[in-house]
Amino acid sequence: MSRRGQIQMTDDEVRSFLGEERTVICATNGVRGLPHLMPLWYVVRDTGPDGAPELWAWTFGKSQKIKNLERDPRATLQVEAGTEYHLLRGVMLETDVELVRDVDAVTQLGLEITARYGGDLAASSDEARQLIAAQAAKRVAMRFVETRRATWDHRKLGGVY
């Protein structure tokens, strides 16, 4: 087996890794032809083909990310962890991006993101729901539909590299 094959993650490992990590770097195609890289908080939904995990995030409708995605609805996402080479692991997803502007759908996503990062109580109060609903009117949800995946987990090499 190739070294590349040795470090690949399984689907279950990818799902677990994406659930553990907190920030995805989103690269869109900028107006000058250069990548536009920005961090996003995200949630994982099992709504992809065959129940595959999909990443969803939201951002302001007037952001550069949205302008870029309106022009070219593709993005590359990367989630990574590890501070030493033998501990590096990550997932890189090439995606088609669906922009969702329905306020109810955006509000629901905002509640999910708030629950993931602030805890269920943070998203369940009436005050939080009102704040999220107000934000949703200014935001766009992004559904990242995977078209290609690369993964790596150098821990599988047992410290040999």
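Here is a chat about the strands and helices of a predicted model.

Biologist: Hi! What kind of model is this?

Modeller: Hello! The model is predicted.

Biologist: Thanks. Let's start with the sheet. How many strands form it, and in what order?

Modeller: Seven strands make an open sheet, and the order across it is S2-S1-S5-S6-S7-S4-S3. The pairing is antiparallel.

Biologist: Which ones are the edge strands?

Modeller: Those are S2, residues 35–40, and S3, residues 43–45. Each of them pairs on one side only.

Biologist: And what is the average twist?

Modeller: From one strand to the next, the twist averages 35 degrees.

Biologist: Let's look at S7. How many bridges join S6 to S7?

Modeller: There are twelve, and the two strands run antiparallel. You can look for Thr 95, which stands opposite Glu 146 in S7.

Biologist: How many bridges join S4 to S7?

Modeller: Six bridges link S4, residues 54–60, with S7, residues 139–153, and that pair is antiparallel too. Within it, Trp 56 stands opposite Arg 143, and Thr 59 has Val 140 as its bridge partner.

Biologist: Which helix lies across S4 and S7?

Modeller: That's helix H6, residues 126–136. Its direction is at about 80 degrees to S4.

Biologist: I also clicked on Thr 147. Where does Thr 147 lie?

Modeller: Thr 147 is in strand S7.

Biologist: Buried, exposed or partly exposed? What does Thr 147 count as?

Modeller: Thr 147 counts as partly exposed, because its relative accessibility is 49% and the exposed class begins over 50%.

Biologist: What is Thr 147 in contact with, leaving aside neighbours within four places in sequence?

Modeller: With those neighbours set aside, Thr 147 touches Glu 94, Thr 95 and Asp 96. Take Thr 95: Thr 147 and Thr 95 are 52 residues apart along the chain, yet 5.2 Å separates their C-alpha atoms.

Biologist: Nice. How do side chains in a regular strand alternate?

Modeller: In a regular strand, they alternate between the two faces of the sheet.

Biologist: New topic: helix H2. Which of its residues are buried?

Modeller: H2 spans residues 11–20, and its buried residues are Val 14, Phe 17 and Leu 18.

Biologist: Why are they on the same side of H2?

Modeller: They cover an arc of only 95 degrees around the axis, so they sit on the same side of the helix.

Biologist: And what do the buried residues of H2 pack against?

Modeller: They pack against strands S3, S4, S5 (74–81), S6 (89–100) and S7, and also against helix H4 (103–118).

Conventions. Residues are numbered from 1 along each chain as its sequence is written. This is a predicted model: local features need pLDDT of at least 70, side-chain atom pairs count only at pLDDT 80 or more; totals for chains, interfaces and linings use all residues. Side-chain values use heavy atoms; hydrogens and water are left out. Two strands pair if DSSP finds at least two bridges between them. Helices (H or I, at least four residues) and strands (E, at least two) are DSSP runs, numbered from the N terminus. Axes are lines fitted to C-alpha atoms, for helices over the stretch in contact, and angles run from 0 to 180 degrees between N-to-C directions. Contact means heavy atoms within 4.5 Å. Buried means under 20% relative accessible area, exposed over 50%, partly exposed in between (1.4 Å probe, protein chains only). The arc is that of the directions from the helix axis to the C-beta atoms.
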